[in-house]
Amino acid sequence: MRYLAHIAEDGREQTVAEHLCGTAQLARRFAAGFGAEAEAEFTGLLHDVGKCTPGFQERLHGGAPVDHSTAGAKLAFSMRNLPAALAVAGHHGGIPDGGHPRDGKEKSTLCGRVKRDCGFDAEIWNEIALTPPNAPSWFGRDTLRDAFYTRMIYSCLVDADFQDTQTFMDGAPVPRGGCAEIEELCGRMRERAARYLANGSESVVCRQRNAALRACMERGRAWEQGLYTLTVPTGGGKTFASLAFALEHAAARKMARVIYVIPYTSIIEQTADVFSELLGEENVLAHYSAVDYQLAEREEMTPEQYRKLLASENWDAPVIITTAVQFFESLYSNRSSRCRKLHNIANSVVIFDEAQTLPNDYLLPCLSAIAQLVQFYRTTAVLCTATQPAVAPLLQELAPSLALREICPDTQTLYASLRRTTIKDLGEITQDALAGLLCEQEQALCVVNRRATAQRMYAALPPDGSFCLTTLLCAHDRREQIAEIRRRLAEGLPCRVVSTSLIEAGVDVDFPMALREDCGLDSLLQTAGRCNREGKRGAAESIVYRFRLDGVKPPRMLEKNGSALSYAARKHADLSSPEAIQAYFTELFQLKDGALDKKDILGAERDGVDGCLLPFAQIAERFRLIETPTRTVYLPVGGGVALCGRLRAGAVSRGLLRKLGVYSVDCYEQQFQALDDAGALELLPDGSAILMDLSKYSRKTGLEGDIENGVGIFI
């Protein structure tokens, strides 16, 4: 019988043999980055053998759904090839849990599924030469490594399956690629670097920046693939220096791409603009929800937007800029849509910008993933920050053979040269006194821990030249306010800003004075980076005050950060010094102890969950870097009026919802319920809502009715 895998809309037919061979060849190529070509090819040849049945052939013509994945998984399992069995079993629905040998066939685990009665016509092997590969010699000795390898094989399979199917259905290759080679991009970077280095004698600051840049370029070329830190204080040019290291290293080591992992979308936008101007927009892929190619409907996309949309599915571009959430949740996912890109992380340089923001609750699994990539997947990783977390002891436990090396040649001198502020302890202060202090200043920044505090503080300031920045403002209005803040600062006009920590997330502003409510030293130094940022004033006159509000306890999630800050302050007079930063993070990690893997991700991978081994699906469900339950409220303000009208009319689409993202606020459940009880919301079927009572939203201070509940991320 001639078994078909797909039938195109124009009637063209692709046989199962053609699809298996095409997928296997692609999967083999994708796995070359980490030396698993034979394993990936074998998995590709098995994945759709379950289509060689009368039932599936009927399905192609409108028959009942058929499980076509389990047959290939059973065959791989019988050959004792667990990675292939799991990848094939999950190539549509996601990698299943491994399960327990006693699982019955009704279970969705691999152990259960391989007991089901689902064969296929073995005549397919007359058309395909199937050669089972030898299992890697190390497989079975370390379940963390086994699980990571399985996801990588799965990535090769699902990306190959998607691409082979898409090419057949479209009748022609899709418009992928077309980007410059790494060597060419490195040449463009060198031209820009040469201009910087030519001005090396202008000032002490300039000379120190150039010393760091020169070291990054030289060591990028000379040093072997591995794990590095790049510790450069705010204003030290670490963004360009880290790019220089990455491109030099990738060019010298013949690596495939550079991946920037960034904590906040606001920094992604800035970084993408800078890199696109330098390297060419077509060579830089920014992968986050609000980027233009994600907002457009398919029929409205330009050819360039469509190419970027395709590249975002599997990170097929020379320079990728993405979020930490996207990066790490993909590495612990079991879904094809998230995992397609994983094989393209292999043989890459990965820069973790603002590395101190790696979430403490998931720090150990994040570091474990980095260690796996560096040790076994030809990846070079760089932890890049002004406040380097003290992760060396943690990495020593996770990967004893992995060395951590600093790129910057003289961190002490660099910190001393680039010191722009003086940190002072204001002690406890009442909210009224703090507001009075701000009113006395023409220009000042005050960063607090809670959104409600920011709104109350703003109410006590004179309306002219005062601003309140929190996530209770929609993104559009925040951008408008930040633009006005920058204008007033540049023109010397009154500008007093009360903000939550969101202003520390890559917002480039320059105040003569700043104040920070105590939480953690990393946050304090981020606020300090918004004071005298351009170095136009002396450090002694650019004061950053830390303070504690009288009678106000810090949010529970920040208590240990505050304790570690107090410890560092007792030990070190200069809180901006590398020694103080080291002491802070060392103390913080000791205080948190078991909370560095609060969902026991690594324990689940090592030992299973309640007898279920290799619990891929359960781990994917556990690993959520942003856990705070929120509900979205869409705002009919400005450009959101027409968009909300379309939503209310039922014109729901991915593009519409993403466009509405800049006119929305995410609320905690209590706040959402309070607004609903007040009759302010029109509820939507997906659990979100449209704000109907616009008196509940101010374009100056945001959505009212915020109820602090002691949990969440305070940004």
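Visitor: At roughly what angle do the axes of helix α4 and helix α5 cross?
Guide: Roughly 170°, and the axes of α4 (residues 70-78) and α5 (residues 82-89) come within 8 Å. This is a predicted model, in which local features need pLDDT of at least 70 and side-chain atom pairs count only at pLDDT 80 or more, while totals for chains, interfaces and linings use all residues. Residues are numbered from 1 along each chain as its sequence is written, and side-chain values use heavy atoms, leaving out hydrogens and water.

Visitor: What makes α4 roughly antiparallel to α5?
Guide: Angles over 145 degrees count as roughly antiparallel, under 35 as roughly parallel, 65 to 115 as roughly perpendicular and the rest as oblique. The α4/α5 crossing is at roughly 170°, so α4 is roughly antiparallel to α5.

Visitor: Which residues make that contact of α4 and α5?
Guide: From α4 you get G72, A73, A76 and F77, and from α5 L82, A84, A85, V88 and A89. Contact means heavy atoms within 4.5 Å. By class, that's 8 nonpolar, 1 polar and no charged residues. Gly counts as polar, while Ala, Val, Leu and Phe are among the nonpolar ones.

Visitor: Which residues in α19 and α20 meet?
Guide: Q431, L434, A435 and L438 in α19 meet T453, R456 and M457 in α20. That contact has 4 nonpolar, 2 polar and 1 charged.

Visitor: How many cavities does a search of the whole structure find?
Guide: The search finds 5 cavities of 30 Å³ or more. On a 1 Å grid over the protein atoms alone, a cavity is a set of points where a 1.4 Å probe fits but cannot get out, a pocket is an open set with protein on both sides within 12 Å along at least five of seven lines, and lining residues have an atom within 4 Å of a point.

Visitor: Which residues line the largest cavity?
Guide: V261, I262, P263, A324, F352, D353, E354, A355, T357 and L358. About 40 Å³ of space lies in that cavity. Strands β4 (257-262) and β7 (348-353) each supply at least two residues of its lining, which by class has 7 nonpolar, 1 polar and 2 charged residues.

Visitor: How much space lies in the second largest pocket?
Guide: About 1,100 Å³. Of the 38 residues lining this pocket, G235, G237, K238, T239 and F240 are the closest to its centre. Helix α11 gives the largest share of the lining, 7 residues. The lining splits into 12 nonpolar, 12 polar and 14 charged residues.

Visitor: Where is the place of P494?
Guide: P494 is in the loop between α21 (475-491) and β13 (495-499). Leaving aside residues up to four places away in sequence, P494 touches E442, G465 and R488. The C-alpha atoms of P494 and Q443 are separated by 5.5 Å, though these residues are 51 residues apart along the chain.

Notes: Helix = DSSP H or I, 4+ residues; strand = E, 2+ residues; numbered from the N terminus. Points joined across faces, edges and corners; volume = space filled by probe spheres on them. Axes fitted to C-alpha atoms, helices over the stretch in contact; angles between N-to-C directions.
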